[in-house]
There are 2 protein chains.
Amino acid sequence: MKALENAIVKHGKVLSDTVLKVDSFLNHQIDPELMQQIGEEFAVHFQKAGVTKILTLESSGIAPSVMAGLQLKVPVVFARKKKSLTLKDELYLAEVYSFTKKETNEISISKDYISSNDIVLIIDDFLANGQAVLGLMEITKQTGASLAGVGIVIEKGFQNGAKLIRDKNIPLKSLAIIDSLANGQITFRKEGSLS
Amino acid sequence: MKALENAIVKHGKVLSDTVLKVDSFLNHQIDPELMQQIGEEFAVHFQKAGVTKILTLESSGIAPSVMAGLQLKVPVVFARKKKSLTLKDELYLAEVYSFTKKETNEISISKDYISSNDIVLIIDDFLANGQAVLGLMEITKQTGASLAGVGIVIEKGFQNGAKLIRDKNIPLKSLAIIDSLANGQITFRKEGSLS
């Protein structure tokens with residue numbers, strides 16, 4: 001997605017060979033017009049999948065998901081990163097290990113909002129080691145819903161998250177795939193090239 | 001705002017005389033079309049205020065803020081509820097006491113995204129005791145920016161947050177004001193009536 005790649009090149013900060021900071025338009029400050037374009041891209045890609053719910057993770061997944069939900073005319077459910085005050089038996093739960101923070105978080109959703117009749121599209125801002133998406137997939141599995149696929153804003157193609165998802169035969173659409181951050185240079189994978 | 005009041009009546013759950021749960025369209029599951037209408041209402045109300053940034057708080061403030069930002073064509077910055085891994089001197093910080101959870105959280109934004117040249121609109125999902133909004137106002141003050149006003153999706157008119165804001169002569173727009181939740185009944189304040 002060209003507008004997204006342009007934003008990454010213009011505003012992204014390469015902090016190391018593995019860390020890209022996009023706080024200025026996605027993770028902290030949010031560019032609403034870019035989010036709208038991102039939502040449209042996801043909607044076009046998954047429009048024939050019969051999606052009935054979008055599932056994402058607070059906080060950075062919310063903006064792109066709400067814009068995709070607007071286009072697909074479906075509700076968005078965001079998983080919380082720590083359990084709420086309600087009873088655990090009202091929740092679907094999964095554990096997510098963060099390689100960056102070296103800690104395990106529990107993510108959860110209420111049992112009220114996704115059912116076995118749903119067709120779920122998972123959306124998240126970043127795909128690196130894939131732990132967050134695997135957690136959302138685990139929650140989807142617990143609901144009994146079908147999984148239409150996974151939509152990612154920025155995939156780090158040099159980490160193994162995408163492989164973990166594709167190995168399960170889950171359709172994956174990443175709007176920008178970064179193949180390398182070596183030497184402070186952002187190298188995108190060309191559309192249509194093999195992973 | 002009629003569509004919002006209708007959603008509150010249809011989907012809101014009155015848990016006590018002071019607690020209204022709107023998890024089904026605002027706080028956990030999100031209705032993107034309603035968020036779009038909410039964003040338009042905020043944009044119309046604050047369109048002449050010269051807003052250059054919207055400031056909100058993760059996670060439930062993000063969806064209405066991004067929709068307002070789309071209409072006003074300005075970026076959204078969401079404050080985080082705990083400090084990130086970056087150095088504290090790169091952050092504007094405020095403390096927010098939660099009467100519900102009986103705990104104090106530190107909220108913060110990076111110094112990179114709001115400057116003294118900005119005109120800030122604060123948006124949040126709920127206004128009850130006003131502590132979150134006061135924290136966002138404290139952060140805005142630290143940035144040196146002007147404050148255009150505060151936009152709230154649902155105000156609990158029977159708690160004192162609105163008074164705390166109006167006493168500082170800050171323009172406040174709440175899209176729905178609930179005057180009472182007594183006996184499981186939701187009573188809205190009529191538009192135009194005095195608080």
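Predicted model: local features only at pLDDT ≥ 70, side-chain atom pairs only at ≥ 80, totals over all residues.

Me: OK, and where does A:Asp167 sit in chain A?

Reply: Look in the loop between helix H6 (161-166) and strand E10 (172-180) of chain A.

Me: What separation do the C-alpha atoms of A:Asp167 and A:Gln142 have?

Reply: They are separated by 20 Å, and the two residues are 25 apart along the chain.

Me: Switching topic. How many residues of chain A are in contact with chain B?

Reply: 36 residues of chain A, and they touch 36 residues of chain B. The area buried between the two chains is about 3100 Å², with 60% of that coming from carbon and sulfur atoms.

Me: And how many salt bridges are there between the chains?

Reply: Two between chain A and chain B. One to look at is between the side chains of A:Asp23 and B:Arg80, at 3.8 Å from N to O. There are also 15 residue pairs in polar contact between chain A and chain B, counting pairs with both residues at pLDDT 80 or more.

Me: Which elements of chain A give two or more residues to that side?

Reply: Helices H2 (23-27), H3 (32-46) and H4 (62-72), plus strands E3 (29-30), E5 (76-79) and E7 (103-110), on the side of chain A that touches chain B. H4(A) gives the largest share, six residues.

Me: What about E5(A), which strand of chain B is it joined to?

Reply: E5(A) is joined by two bridges to strand E3 (residues 29-30) of chain B, and they run antiparallel. In that pairing, A:Val77 stands opposite B:Gln29 in E3(B).

Me: Last topic: what rotation superposes chain A on chain B?

Reply: A rotation of 180°, with 0.0 Å of shift along its axis and an RMSD of 0.0 Å. That's the relation of a two-fold axis. The same surface serves both copies, as 100% of the contact residues of chain A recur in chain B.

Me: Which residue of chain A comes closest to the rotation axis?

Reply: That's A:Ser59, whose C-alpha is at 2.7 Å from the axis.

Technical notes. Residues numbered from 1 in each chain as written. Chains lettered and ligands numbered in written order. Heavy atoms only, no water. Contact = heavy atoms within 4.5 Å. Buried area = accessible area lost by both parts, 1.4 Å probe. Salt bridge = Lys/Arg side-chain N within 4 Å of Asp/Glu carboxyl O. Polar contact = N/O pair within 3.5 Å; in protein donor to acceptor, adjacent residues only side chain to side chain. Helix = DSSP H or I, 4+ residues; strand = E, 2+ residues; numbered from the N terminus. Pairing = 2+ DSSP bridges. Least-squares fit on C-alpha atoms with pLDDT ≥ 70 in both.
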